[in-house]
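Subject: Structure handover

Hello,

Here is the structure I said I would pass on. Please look it over, then read the notes below it.

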Amino acid sequence: MGRLRFFLERTKDVRFWLFLFLAALLFAVLYWQVKPRQYELRLFDVAKETIRSPVTVEDKEATARLKEEAAAKVADVYTLKKEYAENRVDLLSSLFAAIESVQNEAGSGRSPGDLTAKLEERLPPEWFAYLSSEEWRRLLSASPGELETAKEAALTAVHAAMSERISQAELDEARAKAATELKYAALPPALRETVAKLCRQAVIPNVVYDRTATEEKRRQAMDEVKPVKILQGQVIVEEGQFITSDIYHRLELVGLLGGGRPHWPAAGLCLFVLLLLAPLAYYFRAEKTNENLLLYGAVFTLMMAVMVLIRLLPSGGAVSAGYLVPAAFGPMLVRVLLGERLAVMTAIIGAVCGSILFNEEIGATGAVSVSLAVYLLAGGLAGTFCLPKELAKAKIWRAGVLVAVVNAGLLLSLLLMKNGRYSLAEIGLFLLMAAASGIFSAILTIGLLPVFETAFGILSPLRLIELSNPNHPLLRKLLTEAPGTYHHSIMVANLAEAACEAIGADGLLARVACYYHDIGKTKRPRYFIENQMGGNPHDHLSPQLSKNIIIAHVTDGVALLRKHRLPKEIVDIAEQHHGTTLLKYFYHKALEQTGVISEAEFRYPGPKPQTKEAAVINIADSVEAAVRSLANPSQEKIEKIVRGIIADRLQDNQLNECDITMKELEIVARSLCETLNGVFHSRIEYPEVRKEKVKHA
């Protein structure tokens, strides 16, 4: 229930629906670029176009085949058994020892047949299969010296032969080598041949198959096989080529035949869009008004619409329509209407979206996509930072030209880093598109600014600059009908602008608002002291009537400003610039005449200042009038007046409804004093020059 209640509360918030709309917009714009393309192809069809892989995937079947082939090429591993040589030498030595033992028993009167039978009992049966009965009798009848010589020669030959590796295939060669070692032995030929025959039988293979080592070596060979990958952008089938089973398998593997998972790209894009919009959500988390949110949504939507329209333009070869995108116009609009920080975020988001939107146009490998992202980001940031604080249409044009220069320079550097892969004609077309992007950004910014300002009631710096033009009808009216008030407004504007900028408020807004704050005095200009050339008409009026005329200049001014459709911020300041302050002069005059009178009757209707700019203008308006009334203003007098007026506003609770702090009021006081001291500084007194008549001689 708690989560449901939280969700219902959030859905009432305009921010929730705005970011839901922006997320849906981005998803709709980008989905067609990330959605896998599907082809209706069958085996042995002819490809109607060249097909490239949209992703990088591993062909596991091909990798497995290569691993099997690598393992099959590994030969079996055989291990040398050195103990086999010792065993065969010991066995041969035991044979000769048995013969010697049987010969010793022959002296006891046993017959040769008995000796042979006795020898059979002492030797393994297989030995008797190697030699004939005659050969065994020959060995038994050999003299002790011959038998010792035969033994040593046989043992030496067998040991020498089995000291080397002997496989089954090399066995005959090793046995022949062992027999050859006996040809120089000092033995009768027949006996030598018999001993050689024994040596041949004594030599056996001394290497055995090592299963563990073989499997390890095959595993290493398989591990060394690199995975077979189909790279992003790799050509799978050329136009006009037959679709073989191998090509069909690769097309199916990369998901171009409908065998992929189309919901995964959608899920990934959803997550990407949420992460991309998260900084915007954080930026707008404390936004209290819906106008700025809706305005940003409109600018963002328009920026995406322009990208989509340019995406529909035909492009071919190395030249992409993406370089024609006016990436700076969105950030420039946001910079003028909503501020620099938000414009930087807009430039980043626009660059990321543009690089994805034009990805197919600029190559599937993604390398040029990074180049386009850098290009779009540079254009957006250049448009943001090239706009000066004091805006005018000429300044926006200049910013557009600077963006064009930045675009062209950056694009040229990117092209040169590609080691001259482009022709001069292509480079020229690239640079022309880069310049057009900057100029097009300025055109869109200038053309759309009035639309957004009118539709959303936004007071942009450019609009303020236009309102500060002395040729504006209201300012011309003020100058011609109330020149004193016009001069007073200019002075208050200078004071308020400097003070507002000192505390971080909008100095330009304060200046322009000051130009119009007393426009209501044009209805009865002679009743205000700065416009009086002779007597004061208030000397002949009652305090109540004079009070009504003075207070009416606020309501008259507000009505006049609304009639001429001036921005709400300027109208509000004109309405609040006196707050609910007391007309002390006429109040005390009425008090002297009647004795008892309500103070509330002689107060301005308000409201009190609601913003820092209105509070500063409230103070600066009174300060300028008070200082102008001084005969000989000095620094001490000016500071006393400034601080006295600020103290009076605080005691009268005129600043309670705005968020200006005591620290900022101190800064305002110092700024006002510095500006006034610069205006009313002491001057050198020049001596009077007497004019003398020149007499002619």
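Helices and strands here are DSSP runs, numbered from the N terminus, with a helix having at least four residues and a strand at least two. In those terms P607 is in the loop between α26 and α27. The peptide bond that leads from G606 to P607 is cis, and its omega is near 5 degrees.

Please keep in mind that the model is predicted. The chain has 697 residues, of which 45% count as buried, and its secondary structure comes to 29 helices and six strands. Of the contacts between residues at least 6 apart in sequence, 77% join residues at least 24 apart.

Aromatic rings

There are twelve aromatic pairs in the structure. One of them is Y323 with F430, an edge-to-face pair with 5.2 Å from centre to centre and 90 degrees between the planes. Y323 belongs to the loop between α14 and α15, while F430 belongs to helix α19, so this pair ties together parts that are 107 residues apart in sequence. Y323 and F430 are both buried.

Y587 and F602 also pair: because their planes stand at 65 degrees, with the centres 5.9 Å apart, the pair is edge-to-face. Here Y587 comes from helix α26 and F602 from the loop between α26 and α27, so the parts tied together are 15 residues apart in sequence. Both Y587 and F602 are buried. F602 has a charge over its ring as well: the charged end of K547 sits there, 5.4 Å from the centre.

Helix α2

F19 is one of the buried residues of α2, a list that also includes R15, L18, L22, L26 and Y31. Does the length of this helix agree or disagree with what its residue count predicts? The 21 residues of α2 (residues 14-34) should span 30 Å at 1.5 Å a residue, and the end C-alpha atoms are 30 Å apart, so the two agree. α2 does bend, by about 30 degrees at A28.

After α24 comes R565, with a positive phi near 60 degrees.

H553 is found in α24 (residues 543-563). Is H553 buried or exposed? Its relative accessible area is 2%, and the limit for buried is under 20%, so H553 is buried. The H553 side chain makes a polar contact of 3.2 Å with the side chain of D518. Leaving aside residues up to four places away in sequence, H553 touches D518, G520, K521, F528, H577, H578 and Y604.

Positive phi in loops

F44, in the loop between α2 and β1, has a positive phi near 70 degrees although F44 is a residue other than glycine. Because its relative accessibility is 59% and exposed means over 50%, F44 counts as exposed. N653 is in the loop between α28 and α29, and its phi is near 60 degrees, again positive in a residue other than glycine. With a relative accessible area of 37%, N653 is partly exposed.

Regards

How values were computed: Residues numbered from 1 in each chain as written. Predicted model: local features only at pLDDT ≥ 70, side-chain atom pairs only at ≥ 80, totals over all residues. Heavy atoms only, no water. Phe/Tyr/Trp six-rings, centres within 6.5 Å; stacked < 30°, edge-to-face > 60°. Buried < 20%, exposed > 50% of the residue type's maximum accessible area, 1.4 Å probe, protein only. Lys NZ or Arg CZ within 6 Å of the ring centre and 35° of its normal. Polar contact = N/O pair within 3.5 Å; in protein donor to acceptor, adjacent residues only side chain to side chain. Contact = heavy atoms within 4.5 Å. Expected span 1.5 Å × (residues − 1). Bend = angle between axes of the 7 residues up to and from the residue.
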